[in-house]
Amino acid sequence: MDTGYHIAKPVVVMEDSCEPETGWFQPDATNAVNKWYKYEWHSSGNYVTWRSKTTKGEQTVEESALIYIGRVFRSTADTTERRNLLYPFKSWLKRDENGVTGSSFLWCQQWT
């Protein structure tokens with residue numbers, strides 16, 4: 001699976017959670033923050049669960065999100081833009097195996 005916007009490597013998700021599934025991995029780390037990600041097959045068959053653990057100092061925060069996989073993947077830009085529709089802060093990042101190589105950020109007005 002090409003995750004599209006936040007990691008510069010493909011991720012393998014297996015329905016039975018066996019090899020060659022990627023499992024927990026660390027996409028990047030700084031001296032202050034450690035992040036770990038894991039992608040798991042969701043029992044519905046239409047989603048992959050994205051689990052993350054972020055540790056900053058003594059505090060660890062765990063979060064989960066669902067990624068819809070019920071349709072054919074079209075493009076990285078399409079995946080990123082759909083995610084960005086939910087948030088007023090827009091970001092486009094270009095990454096390679098060494099991290100972020102380019103970026104663009106902007107705030108959009110929320111309509112009520």
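## A partly exposed aspartate and its surroundings

Asp96 is partly exposed, because its relative accessible area is 28%, and the partly exposed class lies between under 20% for buried and over 50% for exposed. The model is predicted. Asp96 sits in strand S4, which covers residues 89-96. Now look along the chain. Asp96 and Lys9 are 87 residues apart in sequence. In space, their C-alpha atoms are 8.0 Å apart.

**The whole chain**

The protein chain has one helix and five strands. What order do the elements follow from the N terminus on? They run β-β-β-α-β-β. The chain has 112 residues, and 20% of them count as buried. It exposes about 8,300 Å². Carbon and sulfur atoms supply 51% of that area. Contacts can also be sorted by sequence distance. Take those between residues at least 6 apart in sequence: 26% of them join residues at least 24 apart.

**The core**

Which residues make up the largest nonpolar core? There are seven: Val11, Val13, Phe25, Tyr37, Tyr39, Val48 and Trp50. Two strands each supply at least two residues of this core: S1, residues 33-41, and S2, residues 47-56.

Glu40 belongs to strand S1. Its side chain makes a polar contact with the side chain of Lys38, at 3.4 Å. Leave out residues up to four places away in sequence, and Glu40 touches Val13, Val48, Thr49 and Arg51. Val13 and Val48 are also members of the largest nonpolar core.

Val100 lies in strand S5, residues 99-107. Is Val100 buried or partly exposed? Val100 has a relative accessible area of 46%, so it is partly exposed. For this class the value must lie between the buried limit, under 20%, and the exposed limit, over 50%.

| Residue | Relative accessible area |
|---|---|
| Asp96 | 28% |
| Val100 | 46% |

Both residues fall in strands: Asp96 in S4, Val100 in S5.

Technical notes: Residues numbered from 1 in each chain as written. Predicted model: local features only at pLDDT ≥ 70, side-chain atom pairs only at ≥ 80, totals over all residues. Heavy atoms only, no water. Core = buried A, V, L, I, M, F, W, Y, C linked by side-chain atoms within 4.5 Å. Buried < 20%, exposed > 50% of the residue type's maximum accessible area, 1.4 Å probe, protein only. Helix = DSSP H or I, 4+ residues; strand = E, 2+ residues; numbered from the N terminus. Polar contact = N/O pair within 3.5 Å; in protein donor to acceptor, adjacent residues only side chain to side chain. Contact = heavy atoms within 4.5 Å. Areas by Shrake-Rupley, 256 points an atom, 1.4 Å probe, with all protein chains shown as cover.
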